[in-house]
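Work through the exercises below with the model open. Each task is followed by a stepwise solution.

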Amino acid sequence: MLSVIIPAYNVEKYIKRCVYSVLNQTLKEIEIIIIDDGSTDRTSEICYELVAENSKIIYKKVVNGGCSRARNLGIEVAKGDYIAFLDSDDWVDEDMYKDMLNKAKKEKADIVICGFKKLNETEKILSIVEVPERDSSESYTDSKTEWFSSPCNKIYKKEIIKINTIKFLLNIYTGEDMFFNFMCFFFSRKVVSINKTYYNYFMNSNSISNNYKNRTDIYIVIDELVSFYKKNEVYYKNIDKIRECFKYHGIIYPFDVLQKLNENKIKDWQQFYKIVKKNINRFKNLKTLDIQLCYYYRIIRLRMIFLKKYKKILIRE
């Protein structure tokens, strides 16, 4: 059986679409675990209606504690041999879980990954992310890809999570899911993929402007990743993976956010810039020539925005 864990918070507009996409799966041996993270809109009312309609749904409402706490509770409740995670504003294609579970059983895999589609409010496809098969399980630990970080385009053997006491980091709002995957992939004997885009990821156009202050949590995650590998005495063996994570998630992505904040005229973006720089400079042991060049390039690129603005002022005068 597969357990699908859905954390839900104030998603009255999307929760039915999400849950029905699981109820309509061609896989029948399935349980749906909705953890309502203290919703204040009609989410709870809608969930009670869904529970009354279908015995496959387990519903628990808790005091608001964040997505990670909700997912961790879902893991405790899950009875399936495999676990999947689904965000409450997303949905899945009808064959997703059947095909992924069959793949897991056939390949005796601990983790199965699939691709996903990015869609807007009108469900128009903006882009697709595929996951071509790789030669080895270890090669799937690749944080520079779009498909690695999220837990939602994967199914996990519950035994791996339980035996190794793997949990989502609490009170962290950027990168907590990626760290969860680093741990799961490390302890898994076999990881495989299906190159089909079964998962439908709803893109919220306002998310960067609204949540950018949480982006510095990624540096806490990198600290945790370093500690995790050191604790398991494989730090130097995995240092390239850590550096890759640092480069893409600790430098490139925060600077992309900074550029968007600047373009959208978010007032305190410069304060965010100072925090990012301070954190980057903490990780001296991870810096290589390639990472240093990437960092300086991003600083120059950001400063070019000022030069463009200054040029426009001169032209006007």
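**Exercise 1.** In which loop is the place of K108?

Solution. K108 sits in the loop between α4 (96-107) and β6 (111-119). Helices (H or I, at least four residues) and strands (E, at least two) are DSSP runs, numbered from the N terminus. The model is predicted: local features need pLDDT of at least 70, side-chain atom pairs count only at pLDDT 80 or more, and totals for chains, interfaces and linings use all residues. Residues are numbered from 1 along each chain as its sequence is written, and side-chain values use heavy atoms, with hydrogens and water left out.

**Exercise 2.** Describe the backbone and the accessibility of K108 and T165.

Solution. Step one is phi. Most residues other than glycine have a negative phi. K108 has a positive phi, near 50°, and the phi of T165 is likewise positive, near 50°.

Step two is location. T165 lies in the loop between α5 (158-163) and α6.

Step three is accessibility, where buried means under 20% relative accessible area, exposed over 50%, and partly exposed in between (1.4 Å probe, protein chains only). K108 counts as exposed because its relative accessibility is 72%. T165 is exposed, at 58%.

**Exercise 3.** Characterise the packing of α6 against α8.

Solution. Start with the geometry: the axes of α6 (residues 176-187) and α8 (residues 218-231) come within 9 Å and cross at roughly 15°. Axes are lines fitted to C-alpha atoms, for helices over the stretch in contact, and angles run from 0 to 180 degrees between N-to-C directions. The two helices are therefore roughly parallel (angles under 35 degrees; over 145 is roughly antiparallel, 65 to 115 roughly perpendicular, and the rest oblique).

Next, list the contacts (heavy atoms within 4.5 Å). From α6 come E176, M178, F179, F182, M183, F186 and F187; from α8 come I218, V221, E224, L225, F228 and Y229. By class, the contact of α6 with α8 has 11 nonpolar, no polar and 2 charged residues.

Notes: Ala, Val, Leu, Ile, Met, Phe, Trp, Tyr, Cys and Pro count as nonpolar, Asp, Glu, Lys and Arg as charged, and the others, Gly among them, as polar.
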